[in-house]
Amino acid sequence: MIAHESARGHVSGSALYTDDLAGRFAGTLHAWPVLSAAAHGTVTSLDFDAALAEPGVYTVLTGADVPGEADTGAVRHDEPVFPVEFQYHRQPLAWVLADTVDAARRAAAKVRVEYEPLPPVLTIEEAIAAASFLGPPIRLQRGNALSALTSAPHRLEGEIHIGGQEHFYLETQNALAWIDETGGVRVHSSTQHPSETQEIVARVLGLARHMVGIECLRMGGAFGGKESQANLWAAVAALGAWKTRRPVHVRLPRVLDMALTGKRHPFLARFEAGFDDEGRVLALKAALYSDGGWSLDLSEPVMGRALFHLDNCYFLPAVEAVGLICRTHKTSQTAFRGFGGPQGMLVIEDILDRIARTLSLPPEVVRERNFYREGQATHYGQTVKDAGRISEIWGALKSTSSFAQRRSAIERFNSASPHSKRGLAITPVKFGISFTATWYNQGAALVLVYRDGSVQVTHGGTEMGQGLYTKIRQISAIQLGVTMDAIRVMPARTDKVPNTSASAASASTDLNGAAVADACRQIQERLRPVAAALLHCAPDQIQFQNGFVSPSGPGQAAIPFSQVAEAAYRARVPLFAQGYYRTPDIHFNPQTGQGRPFHYFAFGAAVSEVEVDGFTGQYCVRRVDILQDVGDSIAPLIDRGQIEGGFLQGMGWLTLEELLWDEQGRVATGSASTYKLPSWSELPDVFEVRFLERATEPGVILGSKAVGEPPLMLALSVREALRDAIAAFGASGIIALDSPLTPERVFWARDRALASSIQPVPEAVGAVRT
């Protein structure tokens, strides 16, 4: 097993992050924001006199300092850096630069802000009532859902509130900018998308992009929260450096990071479903409303992916799905691992459970009856390739997890335990892999071979702990035929690889790994004639393996790769190459709602078992079994970690992590003391993770499959297991549950279950009520 390339640095503390680099620059200034005091209002005046008199303060940044466009909105240019009309509580209005963070913070608190308050919109329901939306409806449709609903033997309708989620990356937002020796601007940024950060910094400074260089050494986590939202902090740091000609550092402490940055989108789903006596879905009408916050950000593609994944693993013959992005006066919600897919999947899983309980059928039976079969297509027109894997994974996991036997054991336990109940559930996942914005599905790389045989690799991806650089190192070694220690993967830099896509959509290995492989193949093909001359054989007989080059066949003489590299240099053969890859055969027409937006689907399933305390609603996850389709895993240790971590993060979103705002629009769960994260205590006692065997994915680098996002949605099995346990307290019929399913919500649901199971006692004739 190959460990993470930075594992030793992570555990020893020697791995450096953006914040660690500030000490390398003399005269660094530190930035602190001047914050709005309400969720919505218009600034009438800003008085900086007292702030500028504070010891250690150098200057303040306002809109008057911006030489370009004072806006960091990547899509719609709707995110002013220095707003006159502020749109959420604690929105930055100006920035103080000082010699120390403390001096900047004290000075910012002394800025006098006068404003006219305006009425805020703080909930999805308020936005719907006020028709406050960030764009027109997004629609996907197949067949005539209304007609199919009308003719369906059974119908149900309902709604579900789905909470958001705080990214809570270990490293908060961070940027360090300075003016280089040529007059250009350089920025170390904790960003998933260096090229977009470059674009935004150049826009704010009024510069061409070649004057701006962005570098991302590594990130201490991101989960989507640094895909677009790293841009503002980099722009402020760059603007400060441009004005002062000194290095400027922006680092948000946790309390500001949670108050100022976007979250996973909260959703409200309203639906109506038609189904037959066997529980097969015949028609679905669904309206999804997301809380987009104050600006557009990535809310459109997030909603698009939610609508794409409204089917999960299930064939829906007639669908009418519409998505609306609500404009509220909150932080601008943004990308988060799964990118809308989890919200869409939660809706269909909730519907299927309601169908099962309406018909008094086991939920796993209803789910299985609705699976895609080979040859069937999604509601957006894409044939589900390898649809049979859904049933294959389902059957194998039920067997290896002893699902039927455990179901019987749980029934025996529940019948003997009046105050605690156990629940068991199995849920599947089908997750589409590719950016739904087709143009992002490209990757590039630069590979440099030195005369001593050592290799530097730079590519368009960023490392946030997910193990991308470990996989790139392996791919490079395999493709060049050298050992791992000969490969050095360099930090992402826009002056090495330009016009890169974000490290997101679970596609970074697919895109950048294929680009690296392309560059390595070019170099290897150039080296074949050189090696053939040294080894006195034909070029097509040359093989590269483990740092040596030899003719094919056993017992052949071998020479070191470094000897071939030196010979190539002396023969004036170039030892570098640029690699490129674009995902083939993907397209989507948003006007028709049809196309093939995904290169392939990643499949998986999970079985979860829980136990609920009826007195408190507290619960524990006793056991989890996962079977995940990862293709041919490039790095099994990395993939296993992604599956375990993704599952636990999904479990946190669905059961623990409750985002709350108060009536003034302030984040009420704005620190680690009020926002509950999963920890060691939430880990299941038994946690079994297996990979699907014989699952090579043709046309993807080394036959592998994406693994970053799909496992998060496997945690839906925990939510459904909790519902199963609640039902065991005596509930009959539909059990409506909002998300997250916190212990409080479990307790209230258990209360309703008990109430529904109590039969009224007939009164005796002539009895008197007292």
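## Strand pairing around β15

Two strands are said to pair if DSSP finds at least two bridges between them. In this predicted model, strand β7 (residues 138–142) pairs with β15 in the antiparallel sense over five bridges, and within that pairing L140 stands opposite A321 in β15. Strand β14 (residues 281–293) also pairs with β15, in this case in the parallel sense and over nine bridges, and here A286 stands opposite A321 in β15.

Strand β15 itself, which spans residues 319–327, is mostly covered, with seven of its nine residues buried.

## The eight-stranded open sheet

An open sheet of mixed pairing is formed by eight strands, whose order is β3-β5-β1-β12-β9-β10-β11-β20.

## Helices α11 and α19

Helix α11 (residues 341–358) and helix α19 (residues 716–727) have axes that come within 11 Å and cross at roughly 25°. Since angles under 35 degrees count as roughly parallel, α11 is therefore roughly parallel to α19, and the crossing of the two is right-handed.

From α11, the contact draws on M345, L346, E349, D350, D353 and R357, while α19 contributes L716, R719, E720, R723, D724 and A727. By class, the contact of α11 with α19 comprises eight charged and four nonpolar residues, with no polar ones.

## Helices α16 and α17

Helix α16 (residues 508–535) packs against helix α17 (residues 561–570) at an angle of about 105°, and their axes are 9 Å apart. Because angles of 65 to 115 degrees count as roughly perpendicular, α16 and α17 are described as roughly perpendicular to each other.

Where these helices meet, L527, V530, A531 and L534 in α16 lie against F561, Q563, V564, A567 and A568 in α17. The residues of the contact of α16 with α17 divide into eight nonpolar and one polar, with no charged residue, whereas the contact of α11 with α19 has eight charged residues.

Terms used
Residues numbered from 1 in each chain as written. Predicted model: local features only at pLDDT ≥ 70, side-chain atom pairs only at ≥ 80, totals over all residues. Heavy atoms only, no water. Axes fitted to C-alpha atoms, helices over the stretch in contact; angles between N-to-C directions. Helix = DSSP H or I, 4+ residues; strand = E, 2+ residues; numbered from the N terminus. Parallel < 35°, antiparallel > 145°, perpendicular 65-115°, else oblique. Left-handed = near helix turned anticlockwise from the far one by under 90°. Contact = heavy atoms within 4.5 Å. Nonpolar A, V, L, I, M, F, W, Y, C, P; charged D, E, K, R; others polar. Buried < 20%, exposed > 50% of the residue type's maximum accessible area, 1.4 Å probe, protein only.
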